[in-house]
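Subject: Structure handover and notes

Hello,

Here is the structure for your files. My notes come after it.

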Amino acid sequence: MRDVLYLEQREQAEVLLKPQRIEVLRQLAEPRTCTEVAARLEQTPQRVYYHVKQLVAAGLAEQVAQRQVRGITEGIYQAVARSYWLSPRLVGRIGGTRRARDELSLGYLLDLMEEVQADIAALDRTAPELPSIGVSGEIRVPAERRQEFLHDLQTTLQDLFTRYGGAEGDAFKLAVACYPKGDTHD
């Protein structure tokens, strides 16, 4: 079972985002038959089987074994991942009008965050070492010093890229996002 399955296809999201299927998928965290899941959810095995088949067809669950019960072959199913991440591109960009420069910048940030999310989801979490760092903070910059701050940030990052941008060694991806913090006053 994978730790994360990153969903980029609308069809997969449509199959997943039904409350009954989510409950069936939760029951499939451990290998179970449709009859076992039905008993736990107090539903009919036929109804559960329908949902399981939809989950399997979408690649969200899989048959991991089968067994004979009273002359009938019964499938044993399991979820393919512990968690499922939905790509923001499944919805697309929604919104009104903003100044062109800000819209392009914010659009780029959305694309960047999606790329980071996809990269993290693709990491092999069973690897013995996953060297990484996450840093988040708030910086307050007076309006008259914004350009100076952005220039300093860009210069610092360019220095890092120059010093460590060679062709040898382990490759790391660095993503930096700087955006106005929303109003947090109640």
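This is a predicted model: local features need pLDDT of at least 70, side-chain atom pairs count only at pLDDT 80 or more; totals for chains, interfaces and linings use all residues.

Residues are numbered from 1 along each chain as its sequence is written, and side-chain values use heavy atoms, with hydrogens and water left out.

Helix 4

Helices (H or I, at least four residues) and strands (E, at least two) are DSSP runs, numbered from the N terminus. Helix 4 takes in residues 45–57, and at 1.5 Å a residue its 13 residues should span 18 Å. The expected span is 1.5 Å times one less than the number of residues.

Which residues of helix 4 are buried? They are Val48, His51, Val52 and Leu55, where buried means under 20% relative accessible area, exposed over 50%, and partly exposed in between (1.4 Å probe, protein chains only). Seen down the axis of helix 4, these buried residues fall within an arc of 100 degrees, so they line one face of the helix. The arc is that of the directions from the helix axis to the C-beta atoms. An α-helix has 3.6 residues a turn, so residues three or four places apart point the same way. Gln46 and Ala57, on the other side of helix 4, are exposed.

The cover over the buried residues of helix 4 includes helix 1 (10–16), helix 2 (19–27), helix 3 (34–41), strand 3 (61–69) and strand 4 (72–79). His51, one of the buried residues of helix 4, has a relative accessible area of 6%. Leaving aside neighbours within four places in sequence, His51 is in contact (heavy atoms within 4.5 Å) with Gln20, Arg21 and Val24. Just after helix 4, Gly59 has a positive phi of about 80 degrees.

Helix 3

In helix 3, Cys34, Val37, Ala38 and Leu41 are the buried residues. They cover an arc of only 100 degrees around the axis, which puts them on the same side of helix 3. Ala39 and Arg40 are exposed on the other side of helix 3. Helix 2, strand 2 (32–33), helix 4 and strand 4 are what the buried residues of helix 3 pack against.

Second largest pocket

A pocket here is an open set of points on a 1 Å grid over the protein atoms alone, where a 1.4 Å probe fits, with protein on both sides within 12 Å along at least five of seven lines; lining residues have an atom within 4 Å of a point. The second largest pocket has a volume of about 270 Å³. Of its 14 lining residues, Thr35, Pro45, Ile72, Thr73 and Glu74 are the closest to the centre. Helix 3, helix 4, strand 3 and strand 4 each supply at least two residues of this lining, and strand 4 gives the most, with 5 residues.

Two loop residues

Glu42 lies in the loop between helix 3 and helix 4. Its phi is near 55 degrees, a positive value in a residue other than glycine, and Glu42 is exposed, with a relative accessible area of 75%. Arg70 is in the loop between strand 3 and strand 4. Phi of Arg70 is near 50 degrees, again positive in a residue other than glycine, and at 80% relative accessibility Arg70 counts as exposed.

Regards

Key. Grid points are joined across faces, edges and corners, and a volume is the space filled by probe spheres set on the points.
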